Amino acid sequence: MNIIEHLWDHFKRKVRARDPAPKNLDELWAAIVEEWYRIDVATVRRLYSSLPRRALALKKAKGANTNSEGTGFEMNLPPGSKEWGI
């Protein structure tokens, strides 16, 4: 249910996808800082707006594990896609 897990996943994929890849710890740290500040408010808003759907999925599952289906949020979809369900 925690949206931070999805935000961390988004962030890690952005850092790993950098081209060229960081070659040392200083470059890695610079990449981390840069990508952190590039996380846009729209991404956080999409995650936040998925919370009611996540709560319903959790209720349906009676507290058991749920998957991302039905949450309306998939990080790999382009912003504005009808698939966002927002």
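A residue counts as partly exposed when its relative accessible area lies between the limit for buried residues, under 20%, and the limit for exposed residues, over 50%. Ile4, at 32% relative accessibility, is therefore partly exposed. The legends below apply these classes to a predicted model.

**Figure 1. Overview of the chain, a predicted model built of helices.**
The chain contains four helices and zero strands. Read from the N terminus, the order of its elements is α-α-α-α. Of the 86 residues in the chain, 23% are buried. Among contacts with a separation of 6 or more, 51% are made by residues 24 or more positions apart. The chain exposes about 6600 Å², and 56% of this area is supplied by carbon and sulfur atoms. Five salt bridges are found in the structure, and several of them are shown in the views that follow.

**Figure 2. The salt bridge between Asp9 and Arg13 in helix H1.**
Asp9 and Arg13 form a salt bridge in which the closest N and O atoms are 3.1 Å apart. Helix H1 comprises residues 4-16 and holds both partners. They are four residues apart, which corresponds to about one turn of the helix. Asp9 has a relative accessible area of 34% and is partly exposed. Arg13, with a relative accessible area of 37%, is also partly exposed.

**Figure 3. The salt bridge between Arg18 and Glu35, which links distant parts of the chain.**
In the pair formed by Arg18 and Glu35, the closest N and O atoms are 2.7 Å apart. Arg18 is located in the loop between H1 and helix H2 (25-38), whereas Glu35 belongs to helix H2 itself; the two residues are 17 residues apart. Arg18 has a relative accessible area of 22%. This value is not under 20%, so Arg18 is classed as partly exposed rather than buried. Glu35 has a relative accessible area of 8%, which is under 20%, and is therefore buried.

**Figure 4. Glu35 and Arg38 within a network of salt bridges.**
Glu35 also meets Arg38 in a salt bridge, with a distance of 3.4 Å from N to O. Both residues lie in helix H2, three residues apart, or about one turn of the helix. Arg38 has a relative accessibility of 53%, which is over 50%, and so it counts as exposed. Through salt bridges that share partners, Arg18, Glu34, Glu35 and Arg38 are joined into one network.

The most is given by H2, which contributes four residues.

How values were computed
Residues numbered from 1 in each chain as written. Predicted model: local features only at pLDDT ≥ 70, side-chain atom pairs only at ≥ 80, totals over all residues. Heavy atoms only, no water. Buried < 20%, exposed > 50% of the residue type's maximum accessible area, 1.4 Å probe, protein only. Contact = heavy atoms within 4.5 Å. Areas by Shrake-Rupley, 256 points an atom, 1.4 Å probe, with all protein chains shown as cover. Salt bridge = Lys/Arg side-chain N within 4 Å of Asp/Glu carboxyl O.
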